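Student: Could you walk me through this structure and show me how to read its features?
Tutor: Gladly; let us take them one at a time.

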Amino acid sequence: MTMDGLKPLAAAALERCDRLARLSEHPLPRLTRTFLSPPMREVHRLLREWMTAAGMSVRVDGIGNVIGRYEGAVPGAPALLIGSHLDTVPDAGRFDGVLGVMLGIAAVEAMAGRRLPFAIEVVGFSEEEGARFGTPYLGSLGFVGRLSPELLALRDANGASVEHAARSFGVDPSSLRFDASRYVAYLEAHVEQGPVLESRGAPLGVVSAIVGQSRRRVRFVGRAGHAGTTPMNLRRDALAAAAEWVVRGVEGCAGWRGGVATVGRMTPSSGASNVIVGEVAASVDVRHEADETRERMVTEILDAGQTIAARRDVVFEVADAAAASDHRTVAMDARLVGRLRAAAGGDDVPLLASGAGHDAAILAPLIPACLLFVRSPGGVSHHPDEHVYAADVERALAAMVRFVESLASDPLV
Ligand SMILES: [Zn+2]
């Protein structure tokens, strides 16, 4: 199909994003749609309608993922999986997640009934953002059969568990099974959610890896005191220590090439204007594409906290020194990355690491996976102002169709 032929399909994908943006837990235009919340039912109804019209058979799995299957030349053949997520953060934009699902349907529409050596399954994952239960990827983890009993037992702000939410929606998590041999590859398209592609004047980018992440909670413990009667040299000001750490220890460390480190939360114990702060609780989030470098950054940042605090006679504590919650970097499949880049335009297409997590990170350890980024104007995302250029979406669809064709003519071995 020519680029001109794809134009109306890309336009329809954008219209469908607008349509889904009207399905919200909050009064419009505020878009919030968390895991299997009431508006998700209408999302399912529309997806079923669009997928059926595109020639797919539709099923909903045990964690509420919607899956449309477009049969290959041989019924029952393994499938190319294309998808992203259907849930949103509170006060979301219209494209984060759903754009990838709508482009998946458009890619099937572009086949116009032509049968391939493999099937195509388009998946809308029920949850990726972590907004309702505080943990992300419930949809894709369920899809690959890795929802642990602990995850199913997590409770939302109203005390309902993941399992209860699923069952009340009418699906049964115990029915989830995954067989990697049923899939040839996973392709996800997603808005970049950052400013890199725009800064390079590039409509599309291909992701090399989803970067690893460490989070730590720390505490500075000094001594509270009277703001008027305690001389500066006799203070043990926890907030001053924490502030120095943010600037010199964390921002200073972010000099590691390509790494990022952020103190997103800092809570002083006092909060009164005439009291020296006795205690500060803070968080630090560290990300780098190379796992060893990330670990070095964490060590350096925590050592700096120790040194700075000691000089100020303040105690520095790390609440969760154990790296249990660390996520390692997940590389995308090198062969697919090459093909997707060729399909998107070749060597000029930026290859970039994703600083944000995506469903592809859950699929990649199990089936060859790749991730296409669509430029985010202004780098804006997780915000109602999030948008995309129609021409970029057309290019994304064309790249996905070329990618499908490359797999059809030259399968991965
Ligand atoms: Zn997303």
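Student: Is His358 buried or exposed?
Tutor: We use relative accessible area: buried means under 20%, exposed over 50%, and partly exposed in between, with a 1.4 Å probe and protein chains only. His358 has 0% relative accessibility, so it counts as buried. Keep in mind that this is a predicted model, in which local features need pLDDT of at least 70, side-chain atom pairs count only at pLDDT 80 or more, and totals for chains, interfaces and linings use all residues. Residues are numbered from 1 along each chain as its sequence is written, and side-chain values use heavy atoms, with hydrogens and water left out.

Student: Where along the chain is His358, and which residues does His358 touch?
Tutor: Helices (H or I, at least four residues) and strands (E, at least two) are DSSP runs, numbered from the N terminus. His358 is in the loop between strand S15 (351-354) and helix H11 (360-363). A contact means heavy atoms within 4.5 Å. Leaving aside residues up to four places away in sequence, His358 touches Glu128, Tyr137, Glu188, His190, Gln193, Ile210, Leu371 and Phe373.

Student: Which residues are the protein donors of the zinc ion?
Tutor: Donors are N, O and S atoms within 2.8 Å of the metal (3.2 Å for Na, K and Ca); water is not among the atoms, so sites may look incomplete. Here the protein donors are His85 (NE2), Asp96 (OD) and His190 (NE2), at 1.9 to 2.1 Å from the zinc ion. Their spacing in sequence reads H-x10-D-x93-H.

Student: How enclosed is S3, and which way do its residues point?
Tutor: Seven of the seven residues of S3 are buried, so the rest of the structure largely encloses this strand. Ala79, Leu81, Gly83 and His85 point one way, while Leu80, Ile82 and Ser84 point the other way.

Student: How many bridges join S3 to S4 and to S5?
Tutor: Two strands pair if DSSP finds at least two bridges between them. S3 and S4 are parallel partners over seven bridges, with Ser84 having Gly124 of S4 as its bridge partner. S3 and S5 are also parallel, over four bridges, and Ala79 stands opposite Tyr183 in S5.

Student: What kind of unit do S3, H3 and S4 make?
Tutor: A crossover is right-handed if, with the strands pointing away from the viewer, the path from the first strand over the helix to the second runs clockwise. S3, H3 and S4 make a right-handed β-α-β unit.

Student: How many aromatic pairs are there in the whole structure?
Tutor: A pair of aromatic rings is described by the distance of the centres and the angle of the planes. Rings of Phe, Tyr and Trp (its six-membered ring) pair if their centres lie within 6.5 Å; planes under 30 degrees apart count as stacked, over 60 as edge-to-face and the rest as tilted. A search of the whole structure gives nine pairs. In one of them, the ring centres of Phe125 and Phe143 are 5.7 Å apart and the planes are at 85 degrees, so the pair is edge-to-face. Phe125 is in strand S4 (residues 119-125) and Phe143 in helix H4 (residues 138-143), so this pair ties together parts that are 18 residues apart in sequence. Phe125 is buried at 0% relative accessible area, and Phe143 counts as buried at 4%. Together with Phe178, Tyr183 and Tyr186, they form one aromatic cluster.

Student: Which rings have a charge sitting over them?
Tutor: A charge sits over a ring if NZ of Lys or CZ of Arg is within 6 Å of the ring centre and within 35 degrees of the ring normal. Arg41 lies over the face of Phe169, 4.2 Å from the ring centre. Arg115 has its charged end over the ring of Tyr70, 4.3 Å from the centre.

Student: Which residues does the cis peptide bond join?
Tutor: The cis bond joins Leu28 and Pro29, with omega about 10 degrees. Pro29 is in the loop between helix H1 (3-20) and helix H2 (39-53).
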